[in-house]
Amino acid sequence: MSGTKKRNSELVPIAKVLQSLLSNSKSKLSDPYLRWRLWRFWDKVVGPSLGATSEPVGYERGRLYIWVSSSARMQEMRFFEDDLKIKINTYMGFEWVKNIRFTLDKKG
């Protein structure tokens, strides 16, 4: 065994590997995964009040579609649009959302 180096490798849980792959913005699966992750923790990202009456329902090329429960709530959320982008992008760790589109259609 002289002359051979012993590898110092560490086993990494498969969940961590998958999360790393799916979080990579170059992967075709990353956007759906990131939207799911945002949806899963929506209340924590935007707060319980907004979280109870809205949810992310779609994402395409930097545009996040957010369902809101009523026209009045939609109008109110437009005032918070810049704050929402900051909160969401801070949660994601990079500028994932460039603009937001509010909708009354839960299908996005």
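Predicted model: local features only at pLDDT ≥ 70, side-chain atom pairs only at ≥ 80, totals over all residues.
Residues are numbered from 1 along each chain as its sequence is written. Local features need pLDDT of at least 70, and side-chain atom pairs count only at pLDDT 80 or more, while totals for chains, interfaces and linings use all residues.

**View 1. Helix α6 from end to end.** Helix α6 takes in residues 81-92 (helices are DSSP runs of H or I, at least four residues; strands are runs of E, at least two; both are numbered from the N terminus). Its end C-alpha atoms sit 16 Å apart, which agrees with the 16 Å that twelve residues should span at 1.5 Å a residue (the expected span is 1.5 Å times one less than the number of residues). Just past α6 comes Gly-93, with a positive phi of about 90 degrees.

View 2. Tucked away as buried residues are Leu-84, Lys-85, Ile-88, Asn-89 and Met-92 (buried is under 20% relative accessible area, exposed over 50%, partly exposed in between, with a 1.4 Å probe and protein chains only). They share one side of α6, because their arc around the axis is only 120 degrees (taken from the directions from the helix axis to the C-beta atoms). On the face turned away from that buried side, you'll find the exposed residues Asp-82, Ile-86 and Thr-90.

**View 3. The open sheet.** Three strands line up as β1-β2-β3, with mixed pairing (two strands pair if DSSP finds at least two bridges between them). The edges are β1 (54-60) and β3, each pairing on one side only. Between β1 and β2 there are six bridges, in the antiparallel sense. Pro-56 has Ile-66 in β2 as its bridge partner.

Methods: Heavy atoms only, no water.
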